[in-house]
Structures are given as C-alpha cells and as structure tokens.
Amino acid sequence: MKIAVVGLGYWGPNLVRNFSASDRVSDVLCCDLDRERVKKLVVKFPHVQAVDSFDEILASNCDAVGIATPISQHHSMGMRVLRHGKHLLVEKPMAISSRECEELVRCAEDHKRVLMVDHTFLYTGAVRKMKDIIERGDVGDIYYFDSVRVNLGLFQHDVNVIWDLAPHDLSIMDFMLAQKPVAVSAVGVNHYDHMEDMAYLALHFEGKMMAHVHVNWLAPVKIRRILIGGSKKMIVYDDMEPSEKVKVYDSGVKVVTREGIYKTLVEYRTGDMFAPKLDQSEALGLVVKDFLDAIELGRKPVADGETGLRIVRILEAAELSVKKGGAKVHLQ
Ligand SMILES: NC(=O)c1ccc[n+]([C@@H]2O[C@H](COP(=O)([O-])OP(=O)(O)OC[C@H]3O[C@@H](n4cnc5c(N)ncnc54)[C@H](O)[C@@H]3O)[C@@H](O)[C@H]2O)c1
C-alpha cells in the first residue's frame, strides 16, 4: 500500500516511522506547510517522498492518508481524503464537534472507506491487559474509574486542556468499561488566555459507578495515573513507571452484616498485589497494523469512527458544562 502523512510536527513523524516500518507499505508520502519540518524528516527517513501540498497528496495514487495536523483541521481535511476515495487515519480527537464527527462517519460509510482515529492508548499492552482482567470478571462490579493526567505545558494553540489531554483517559475508559456515561459535569479555569489550562470532569452513569478525569497543563510534575476500583479487586495503572505499570490489588471492603456498616464492623481486605506481564510492542505500531488490516480485510478497526465520535460527544458536553459553571450536561 501507498500511505501519505500530512502534518510533520510533534506526532506526524511517529506515524511516518511506523508506516515505514511495515512491510505492507511500499511508499510513504508526506507534506507539511513548514518546509523546515519536511527537510528534517527527509534527512531522517530518506526513503520518504516529500510533496509540496495536501492537494498533491489528494491527487496522488496513495491508498490512505494519516492526518496529524491541528484538531481544527481534522474535519475539513478528513472529508477531502474520504471524498477522494482514500482510507483515513485521523489523529485524536477526531474533530472539534460531534456534528463534524458524524459527517466523517457518514462520509466513510458512503465511500466504503476505513475511518480510524489514533487513540493510541487503546493499543498499549497496559490498557489491553487491564481490559482482559476486567472482562474476565476478576475486578468484579466496577465502582469507579479515576484518572490524573497532569504536567507542565505544552499549551496547544487551538484547543483547551480538556480537548488536548482528556481524549486519552476517556478513550481508555470507553474501551475498558462496558457501561457508557449518561452525563458529564465539569469545571475548569484559564489563567493565561481564553482556553482552560486545568479541568476536572465528573462522568455520571446509570447506577452507582462514577468516573473522574483530572487534566492540567500547570502541574510541576508529570502524573499519568488511573485507578479502577471494583468489588473484588482494584487496579492502579501508572504510566510513568518504567516497568510494572499495572498493579492489581486484592484489596477491598467486606461488610460483615448490614448492621456492621453502622458499627464500623467492616473488614478491610489487604491481600496480595500482582503486576501482570505486559506486551511491550509499540502501541503506534499496532495502530498502524490495525489500520492496514482494516483496509485489507474490509473490517472495522478497534478505534473506529464511532469510538472517536463517542469521545468527542463527552468532550463537547464537558466544555458546555464548564461554560455553565459545572452544570450536569446529558449525553444523548
Ligand atoms: N495519538 C497521540 O498520542 C497524540 C500525541 C500527540 C499529538 N496527537 C495529535 O496529533 C495532532 C497534531 O498534534 P502535534 O502536537 O503534532 O501538532 P503540531 O502543531 O506539532 O504539528 C502539526 C503540523 O501540521 C502542519 N500543518 C498544519 N496545517 C497543514 C496543512 N494544511 N498541510 C500540511 N501541514 C499542515 C503544521 O505546519 C505542523 O507542522 C493533534 O490532533 C494532536 O492531538 C496525538
């Protein structure tokens, strides 16, 4: 297959590297408005063919295009890719509104093309292992999903911290948990311009499950941590750990009798902890594999357009909630 990558800033070169590494890809084309970035990339990957513009990529005979440009451009560029009969891998988040995402999904269906969103975390060994553990029933009933994704910078030009960082946690949650949220309430503030640089999202579900996502560009330390609590086990996923990123605790609470709750006759289970072995394959390599498989086998990738749309619906609702001072916004 012949693949093109548009946008060679921070993330695009990673797509180029992974497409180039696939023996199913014969040619990689690329372009960026910034000539210096193109020059730098071609020095690193001499086999890659640089072209002058996105129009040239559309006019080429490439089979598929990866879009790694700023979020505000995903919809317009993605629609043009699909209308030219090419398969589309678009960076996360899929677009800046659910309406734009719905149009992309419909356009891909109309043109019978693969539409995939690069929710890279779904392809990490850690997230796939946690999904296995949860689906096996080892964690029991899920009580909560609680994530913290904070660091200093990088401020994005076109979106706030919710749109930049929360897609990771929301896509992980969407992938691992069968239950989907029904409403969102969020608070956030901006300190330097009109875009929020820190935010707290609360996700509401039918029943007693709760989820919370904390994102912040103004934290002095980098934290990437998710806690999942269940009736049988609890999981800690710390992506900053060099090894043993996932730890499963046999800890919990056992209420001896109903009266026991009031007499504090609860037993705290502090059992063993185990750190499962994780697949170390590069997640983006598996993203590329799933995309190429989907094209060749005519099937949907794991992170398909519907997945991207569900995440954007939550982001959109969270942004609206922030504007309404934290009011609960229902998801359709
Ligand atoms: N999957 C992940 O884990 C992950 C990680 C980082 C970024 N991203 C996503 O990747 C996308 C890009 O982020 P980034 O940090 O690389 O941004 P960036 O600003 O570093 O790079 C964007 C590049 O696109 C180029 N560009 C813009 N318009 C163009 C056009 N019309 N034609 C050709 N080139 C054009 C810019 O010149 C720039 O070089 C965003 O959607 C971001 O959310 C995903």
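The model shown here is predicted. A nitrogen atom of the ligand lies 3.1 Å from an N or O atom in the side chain of Gln73. The ligand has 860 Å² of accessible area on its own, and the protein covers 85% of that area. The chain itself is assigned two parts, domain 1 and domain 2.

**Surroundings of the ligand**

- There are 20 residues around the ligand, and those that come nearest are Trp11, Asp32, Arg37, Lys92 and Thr120.
- Sorted by class, this shell consists of eight nonpolar, seven polar and five charged residues.

- The side chain of Gln73 places an N or O atom 3.1 Å from a ligand nitrogen.
- The side chain of Asp118 has an N or O atom 3.4 Å from a nitrogen atom of the ligand.
- In Leu33 it is a backbone N or O atom that lies 3.3 Å from a nitrogen atom of the ligand.

**Domain layout**

- Domain 1 is assigned residues 2-120 and 284-304, and domain 2 is assigned residues 122-281 and 313-330.
- The centres of the two domains, taken over C-alpha atoms, are 29 Å apart.
- Domain 1 contributes 18 residues to the contact, and domain 2 contributes 16 residues.

**Interface between the domains**

- About 1400 Å² is buried between domain 1 and domain 2, with 63% of this area on carbon and sulfur atoms.
- Of the area that domain 1 buries against domain 2, 35% is supplied by Lys92, His119 and Leu286, more than by any other three residues.
- Between the two domains, 10 residue pairs are in polar contact, counting pairs with both residues at pLDDT 80 or more.
- Two salt bridges are found across the interface of domain 1 and domain 2.
- A salt bridge joins the side chains of Lys92 and Asp164, with 3.9 Å from N to O.

Key: Residues are numbered from 1 along each chain as its sequence is written. This is a predicted model: local features need pLDDT of at least 70, side-chain atom pairs count only at pLDDT 80 or more; totals for chains, interfaces and linings use all residues. Side-chain values use heavy atoms; hydrogens and water are left out. A residue is near a molecule or strand if one of its heavy atoms lies within 4 Å of it. A polar contact is a pair of N or O atoms within 3.5 Å; within protein, one must be able to donate a hydrogen and the other to accept it, and residues adjacent in sequence count only if both atoms are side-chain atoms. Accessible areas come from the Shrake-Rupley method with a 1.4 Å probe; for residues, only the protein chains shown count as cover. Ala, Val, Leu, Ile, Met, Phe, Trp, Tyr, Cys and Pro count as nonpolar, Asp, Glu, Lys and Arg as charged, and the others, Gly among them, as polar. Domain bounds come from an automatic or database domain assignment. Contact means heavy atoms within 4.5 Å. Buried area is the accessible area (1.4 Å probe) that two parts lose on being put together, summed over both. A salt bridge is a side-chain nitrogen of Lys or Arg within 4 Å of a carboxyl oxygen of Asp or Glu.
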